[in-house]
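Let's take a friendly tour of a protein, looking at its sulfur links and at one spot on its surface. Have the sequence and the 3D view ready.

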Amino acid sequence: MIYKALTFIAVLLLLSPSSYANEVEGLARVVDGDTLVIGKQRIRLHGIDAPEQKQLCRKKENFDWACGQAATQALKQKIASQSVKCIGETYDRYKRLIAVCYLGKTDLNRWMVRNGLSVAYRRYSKDYITEEKYAQNQKNGIWNSEFQMPWTWRKNNK
């Protein structure tokens, strides 16, 4: 009886739509620090939130710098016309695939957070908290500045 129940549950899990990963691979166009396009598929990098394009951060020396644009440029330079593979299971309300993207073996989501180009988006994931703490301790990227969290900046600048 228990064997039949476990078998039934296993079959349901295997047939569940959420168990099918969507994989997109190819040349990526960088939209911003947490969004790519491969072919016709828009992709939102899972578990991270980068400063917005118009967002500024303030250095301790009391000058502003375009941290949102810097995040976008850094991701563009990292990818540099190479093939990217993105793997995800769900879509957001804008029909973007929520995915972890790889440049070879490099997890680009992790790379963005570790280098202080984005933050761990704790509202949706706990995956990159360690990388965020590392970036904070090393004062990488935005962590060498005063800044608003991207979600706060969006709310205040609608």
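Predicted model: local features only at pLDDT ≥ 70, side-chain atom pairs only at ≥ 80, totals over all residues.

Residues are numbered from 1 along each chain as its sequence is written, and side-chain values use heavy atoms, leaving out hydrogens and water.

A disulfide is a pair of cysteine sulfur atoms within 2.5 Å. By this rule there are two disulfides.

| Pair | S to S distance |
|---|---|
| Cysteine 57 and cysteine 67 | 2.1 Å |
| Cysteine 86 and cysteine 101 | 2.1 Å |

The partners cysteine 57, in strand β5 (residues 57–59), and cysteine 67, in helix α2 (residues 67–79), are 10 residues apart. Here helices (H or I, at least four residues) and strands (E, at least two) are DSSP runs, numbered from the N terminus. The torsion about the S-S bond of cysteine 57 and cysteine 67 is about 75 degrees, so this disulfide is right-handed. Cysteine 57 is buried, with a relative accessible area of 1%. Buried means under 20% relative accessible area, exposed over 50%, and partly exposed in between (1.4 Å probe, protein chains only).

For cysteine 86 and cysteine 101, the torsion is about 115 degrees, so that disulfide is right-handed. Both cysteine 86 and cysteine 101 are buried.

Now to the surface. Lysine 158 sits in the segment after α5 (150–156) and is exposed, with a relative accessible area of 87%.
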